[in-house]
Amino acid sequence: MSAEQMPGRHREVPPKVEFRKVNLHYFSDEGETHAVKDMSFSVRPGEFVSIVGQSGCGKSTLLSLLSGLMHPTSGQVLIDGKPVRGPSPQVGFMLQQDTLFEWRTILENALLGPEIRGMDLAAARARAERILTSYGLGQFLHHKPGQLSGGMRQRAALGRTMCMEPDILLLDEPFSALDFQTRLSIAEEIGEIIRREGKTAILVTHDIPEAIALADRVVVLSPRPGRLKSIHEITFPSAGPTRPGSMAAREAAEFREYYHTIWTEMENHD
Ligand SMILES: Nc1ncnc2c1ncn2[C@@H]1O[C@H](COP(=O)(O)OP(=O)(O)OP(=O)(O)O)[C@@H](O)[C@H]1O
């Protein structure tokens with residue numbers, strides 16, 4: 001019997017993503033900035049991890065390193081055990097600004113990546129229609145982004161990213177441009193889609209409740225240079241079979257405890 005088949009036996013799953021003693025220095029006319037210091041942590045396949053920390057602590061830099069747009073000054077950034085050498089379709093992005101092209105319809109926006117990559121367009125079109133419809137945008141495939149609400153635009157942006165079939169999603173403050181009410185429901189909805197599709201997700205956010213509600217683990221960074229301060233495993237035993245990300249999770253007793261602990265850690269500059 002393999003370890004995977006043994007009930008109750010701890011399984012050692014190789015990490016999907018790993019930062020190994022990563023340092024990143026920026027060099028500019030203003031001088032040198034040590035943005036990330038001795039960063040080591042890993043993310044399991046299918047796991048949802050949130051990263052929080054004060055402004056300028058290197059959160060977005062970690063995503064840029066994972067996207068292959070930047071390389072560490074020292075240490076290693078690994079995906080599936082291999083060093084990241086450059087951008088790859090395996091990694092998808094979702095940003096604060098949805099960057100949809102206003103002159104293309106929602107469907108055409110979703111087909112842009114496959115067009116650029118020279119993928120089979122008939123298959124991509126069928127996939128895009130299926131994905132966008134399952135995100136509640138079936139009636140809007142031929143609408144332009146300007147005709148959609150903020151929440152719908154973010155769902156369209158996720159659809160466009162998913163059309164490239166990434167297995168890792170990097171989410172950089174994707175909900176922060178939305179009004180509070182929309183933000184809550186879209187965050188929950190998108191978190192659920194990402195889980196359902198088994199993607200590995202890394203979310204950068206300033207919003208501690210959002211970080212807790214969506215993630216399996218929350219990584220807290222210290223102020224610049226960004227160092228790993230703590231990692232919190234998020235579970236809600238008092239809420240029964242509550243799923244992460246749901247509104248019920250936000251009302252669980254553990255939620256307030258996580259919030260208090262993480263908020264205090266972020267305030268405390270040691
Ligand atoms: N291209 C760059 N050149 C020089 N310094 C940079 C550059 N990009 C970022 N930095 C600096 O590196 C540090 C980390 O930046 P980063 O954007 O990763 O932080 P962050 O935690 O995502 O910030 P925020 O929460 O405000 O978005 C900051 O001090 C920032 O000023």
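The C-alpha centres of domain 1 and domain 2 sit 25 Å apart. Domain 1 covers 12-90 + 168-270 and domain 2 covers 96-165, with bounds that come from an automatic or database domain assignment. Keep in mind that this is a predicted model, in which local features need pLDDT of at least 70, side-chain atom pairs count only at pLDDT 80 or more, and totals for chains, interfaces and linings use all residues. Residue numbers start from 1 along each chain as its sequence is written.

Back to where the domains touch: 13 residues from domain 1 and 10 residues from domain 2 make the contact (two residues are in contact if their C-beta atoms, placed from the backbone, lie within 7 Å). On the domain 1 side, strand S7 (168-172) and helix H5 (180-196) are the elements that give two or more residues. H5 gives the most, with four residues. By type, that side of domain 1 splits into nine nonpolar, two polar and two charged residues. Here Ala, Val, Leu, Ile, Met, Phe, Trp, Tyr, Cys and Pro count as nonpolar, Asp, Glu, Lys and Arg as charged, and the others, Gly among them, as polar. Helices (H or I, at least four residues) and strands (E, at least two) are DSSP runs, numbered from the N terminus.

Now for the sheet. Four strands form an open, antiparallel sheet in the order S2-S1-S4-S5, where strands pair if DSSP finds at least two bridges between them. Strand S2 (31-43) and strand S5 (82-83) are at the edges with a single partner strand each, so one side of each has no neighbour in the sheet. Helix H1 (residues 59-67) packs on the sheet and touches S1, S2 and S4, its direction making about 110° with that of S1. Angles like this run from 0 to 180 degrees between N-to-C directions, and axes are lines fitted to C-alpha atoms, for helices over the stretch in contact. Strand S1 (residues 17-28) and strand S4 (residues 74-79) run antiparallel and are joined by five bridges; Val17 stands opposite Ile79 in S4.

On to some helices. In H2 (residues 106-117), the buried residues are Ile106, Leu107, Asn109, Ala110, Leu111 and Pro114. Buried takes 20 or more other C-beta atoms within 10 Å of a residue's own, exposed takes 12 or fewer, and partly exposed is in between, with C-beta atoms placed from the backbone. Their cover includes helix H3 (121-134) and helix H4 (150-163). After H2 comes Gly118, with a positive phi near 70°.

H3 and H4 pack at about 145°, their axes 9 Å apart. Ala124, Arg127, Ala128, Ile131 and Leu132 in H3 meet Ala156, Gly159, Met162 and Cys163 in H4. That contact divides into seven nonpolar residues, one polar and one charged.

Most residues other than glycine have a negative phi, and most peptide bonds are trans.

Pro225 is in the loop between strand S9 (217-221) and strand S10 (228-233).
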